[in-house]
Amino acid sequence: MTVQIDELDRKILAELQDDASQSLDEIARKTGSSKTPVWNRIRKLRAAGVIGKQTAILDPEALGFDACFFVLIRTSEHEAEWQDKFLATLRARPEVMEAHRLAGDIDYILKVRVENARAYDRFYQALISEVKIHNVTALLSMEELKSTTALPL
């Protein structure tokens, strides 16, 4: 379903990306509209799939997840059965925050959040015991310079 997005929709979406817990009154005031049109547009955008589920963004370090690893994976397996098993394995691992299939020399990249290097090693050992992987390279993020969920509207 394709939806036409106008300037008011973009303003509403920007406000929701900034803080989805804002009241309709606050969003209406900030976007120069009134409550009912804002509510109707949000409903329309949800129905069209533009707005997905709303969640709380937690601070990983405040919860003890101090280590962020980017895991580069090369595989010699490209059959559908292997891919299905690999995907199921990733989905079952809560440490995997993101997973992307790539073009180029690296087949997959994972963003993995764990408490420390020992926790990463446990994740790594579990991963390679469940699926055949040709090569794994783990890169420890020393500092997060930018992280956002906001799209550039």
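## Close-up views of a predicted model

**Figure 1. Strand S1 and its partners S3 and S4.** Ile73 stands opposite Tyr108 in strand S3. Helices (DSSP runs of H or I, at least four residues) and strands (runs of E, at least two residues) are numbered from the N terminus. The structure is a predicted model, in which local features need pLDDT of at least 70 and side-chain atom pairs count only at pLDDT 80 or more, while totals for chains, interfaces and linings use all residues. Residues are numbered from 1 along each chain as its sequence is written, and side-chain values use heavy atoms, with hydrogens and water left out. S1 covers residues 67–74 and pairs with S3 in the antiparallel sense over seven bridges. Two strands count as paired if DSSP finds at least two bridges between them. Ala67 of this pairing stands opposite Val114 in S3. S1 also pairs with strand S4 (residues 135–140), again in the antiparallel sense, over six bridges. Here Arg74 stands opposite Asn135 in S4. Six of the eight residues of S1 are buried, and the strand is mostly covered. Buried means under 20% relative accessible area, exposed means over 50%, and partly exposed lies in between, with a 1.4 Å probe and protein chains only.

**Figure 2. Strand S3 and the hairpin with S2.** S3 is largely enclosed by the rest of the structure, because six of its seven residues are buried. In a regular strand, side chains alternate between the two faces of the sheet. S2 and S3 run antiparallel and are joined by five bridges. Glu98 stands opposite Lys111 in S3. The hairpin has six residues between the strands, and Gly104 takes a positive phi near 115° in this hairpin.

**Figure 3. Ile133 in the loop between H5 and S4.** Is Ile133 buried or exposed? Ile133 has a relative accessible area of 16% and is therefore buried. Not counting residues up to four places away in sequence, Ile133 touches Ile73, Arg74, Phe86 and Leu127. Contact means heavy atoms within 4.5 Å. Ile133 and Ile73 are 60 residues apart in sequence, and their C-alpha atoms are 7.2 Å apart in space.

**Figure 4. Glu77 in the loop between S1 and helix H4.** H4 spans residues 80–92. Glu77 has a relative accessible area of 17%, so this residue counts as buried. Its side chain makes a polar contact with the side chain of Lys132 at 3.3 Å. A polar contact is a pair of N or O atoms within 3.5 Å; within protein, one atom must be able to donate a hydrogen and the other to accept it, and residues adjacent in sequence count only if both atoms are side-chain atoms. Leaving aside neighbours within four places in sequence, Glu77 is in contact with Trp82 and Lys132.

**Figure 5. Thr31 in helix H2.** H2 spans residues 24–31. With a relative accessible area of 7%, Thr31 is buried. Which backbone oxygens does the side chain of Thr31 approach? A polar atom of this side chain lies 2.8 Å from the backbone oxygen of Ile27, and the side chain reaches the backbone oxygen of Ala28 at 3.3 Å. Leaving aside neighbours within four places in sequence, Thr31 is in contact with Leu8, Lys11, Ile12, Glu15 and Val38.

**Figure 6. Tyr124 in helix H5.** H5 spans residues 117–130. Tyr124 counts as partly exposed because its relative accessibility is 24%. Tyr124 and Pro60 are 64 residues apart along the chain, and 20 Å separates their C-alpha atoms.

**Figure 7. The largest pocket and its lining.** The volume of the largest pocket is about 1,200 Å³. Of the 33 lining residues, those closest to the pocket centre are Thr55, Ala56, Ile57, Thr148 and Thr149. On a 1 Å grid over the protein atoms alone, a pocket is an open set of points where a 1.4 Å probe fits, with protein on both sides within 12 Å along at least five of seven lines; lining residues have an atom within 4 Å of a point. Grid points are joined across faces, edges and corners, and the volume is the space filled by probe spheres set on the points. Helix H1 (7–18), strand S2 (96–101) and strand S3 (108–114) each supply at least two lining residues. H1 gives the largest share, four residues. By class, the lining has 15 nonpolar, eight polar and 10 charged residues. Ala, Val, Leu, Ile, Met, Phe, Trp, Tyr, Cys and Pro count as nonpolar, Asp, Glu, Lys and Arg as charged, and the others, Gly among them, as polar.
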